Amino acid sequence: MMAIHSPLRSYQAMLFIPLPFVVALLLLILFVTVLRRDEEAQPNRPFLALILFAVLQSVLAGLRWGYGVQAVGVIMPVTAAMVPPLAYAGVSRLVRTSRRPLPTRIALHAVPAAVILLLMVFRRDAIDLALVFVFVGYALAILLLMRPGADALRLAPFEGAVPAYRAIIFAAAALCLSASVDIFVFFDFTWAHGEHALTLISISNLAVLVILGIAAAAASRSRAPAETVEAVLKSETTEDKETIATVDALMEAKKLYRDANLNLDRLARKAGIPTRQISAAINRAMDKNVSQYVNDYRIGEACRLLAASQKSVTEVMFEVGFQTKSNFNREFRRVTDMTPLAWRERKGGSGVSSVSS
């Protein structure tokens with residue numbers, strides 16, 4: 001990204017010369033943190049690779065624009081071309097299970113880098129335009145995957161679907177920002193001989209790398225409170241009622257919501273109903289997404305436990321399927337308009353109160 005390779009007339013000091021290397025160090029720490037956090041679960045390898053590529057790009061940017069090391073200009077366009085496919089691959093792992101074998105997936109995601117390598121040999125002047133198409137194309141592809149909103153992330157745990165969705169949208173926006181900056185810098189070199197390019201690149205390149213790194217970490221974590229997405233404005237159908245009745249029965253009989261790793265794909269397998277049918281039925285009939293639907297069950301049981309037992313808030317949180325206290329508190333407030341402690345004080349431990357799903 002920001003791989004404009006036209007030479008500057010002079011190598012002035014880059015804005016905050018050490019900053020790219022500081023950013024690279026921070027992103028590397030982020031990578032280690034995510035790796036340790038996910039060591040007991042199957043990691044989202046494309047997102048991990050994306051963070052590493054952000055580290056590499058930051059180092060290369062510091063060497064080139066800060067110290068005038070022109071040799072890295074040969075590497076930067078190729079590594080830049082790998083960033084959008086990695087972002088898309090990471091998102092895909094939360095959306096659907098790929099049926100293609102791993103070598104085929106790797107080959108497909110390597111196509112943009114291969115194209116850039118060919119252009120470096122035959123049409124160097126077309127590299128910048130090709131990178132713009134790569135970044136914008138993958139950003140649009142990611143946004144298309146996200147059209148159903150948070151429910152598109154059917155392989156992500158319900159507790160983190162909406163925050164992961166937000167992070168992915170930020171990542172797509174960062175790809176578009178990178179493409180926009182490349183276009184601006186291209187015209188700046190054409191018309192103003194790169195007069196403004198250095199300052200723009202030094203700021204925007206690092207901003208994009210940081211956004212992508214944090215977004216990848218957040219999306220791979222997939223843990224945060226859910227919130228409303230725009231519902232499909234269609235009337236409830238008989239099939240919707242039957243679908244919701246089936247899922248309700250599962251929730252009440254088997255307490256599926258207690259599974260902290262429950263996601264739409266797993267719920268659909270348990271119910272024997274397609275994921276899209278469950279999502280559409282809940283959106284239409286209940287004006288909420290599936291994450292909210294499941295969390296409503298969790299909060300409902302939490303309310304009953306807080307009112308009828310002496311268990312601590314943390315014990316209740318884990319028992320009903322939440323993994324972090326911040327998410328539990330936010331969802332509890334969404335449903336009840338109060339904190340768990342305030343709920344317990346209000347109920348005084350006498351009697352059980354339920355929350356409608």
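View 1. The 17 residues of helix 9 should span 24 Å at 1.5 Å a residue, and the end C-alpha atoms are 24 Å apart, which agrees. The expected span is 1.5 Å times one less than the number of residues. Helices (H or I, at least four residues) and strands (E, at least two) are DSSP runs, numbered from the N terminus. This is a predicted model, in which local features need pLDDT of at least 70 and side-chain atom pairs count only at pLDDT 80 or more, while totals for chains, interfaces and linings use all residues. Residues are numbered from 1 along each chain as its sequence is written, and side-chain values use heavy atoms, with hydrogens and water left out. Buried (under 20% relative accessible area, against over 50% for exposed and in between for partly exposed; 1.4 Å probe, protein chains only) describes Asp-240, Thr-243, Ile-244, Val-247, Asp-248, Leu-250 and Met-251 in helix 9. They cover an arc of only 160° around the axis, which puts them on the same side of helix 9; the arc is that of the directions from the helix axis to the C-beta atoms. Thr-238, Lys-241, Glu-242, Glu-252 and Ala-253 are exposed on the other side of helix 9.

**View 2. Helix 9 against helix 10.** Helix 9 (residues 238–254) and helix 10 (residues 264–271) have axes that come within 10 Å and cross at roughly 100°. That makes helix 9 roughly perpendicular to helix 10 (65 to 115 degrees). Axes are lines fitted to C-alpha atoms, for helices over the stretch in contact, and angles run from 0 to 180 degrees between N-to-C directions. From helix 9, Thr-246, Val-247, Leu-250 and Met-251 meet Leu-267, Lys-270 and Ala-271 of helix 10, where contact means heavy atoms within 4.5 Å. Five of the residues of this contact are nonpolar, one is polar and one is charged (Ala, Val, Leu, Ile, Met, Phe, Trp, Tyr, Cys and Pro count as nonpolar, Asp, Glu, Lys and Arg as charged, and the others, Gly among them, as polar).

**View 3. The cover and the end of helix 9.** Helix 10, helix 11 (275–286) and helix 12 (290–308) are among what covers the buried residues of helix 9. Lys-255, which follows helix 9, has a positive phi, near 55°.

**View 4. Helix 5.** The twelve residues of helix 5 (residues 111–122) reach 16 Å from first C-alpha to last, close to the 16 Å expected at 1.5 Å a residue. Pro-112, Ala-113, Ile-116, Leu-119 and Met-120 are the buried residues of helix 5. They cover an arc of only 120° around the axis, which puts them on the same side of helix 5. Leu-118, Val-121 and Phe-122 are exposed on the other side.

Definitions and conventions: Angles under 35 degrees count as roughly parallel, over 145 as roughly antiparallel, 65 to 115 as roughly perpendicular and the rest as oblique.
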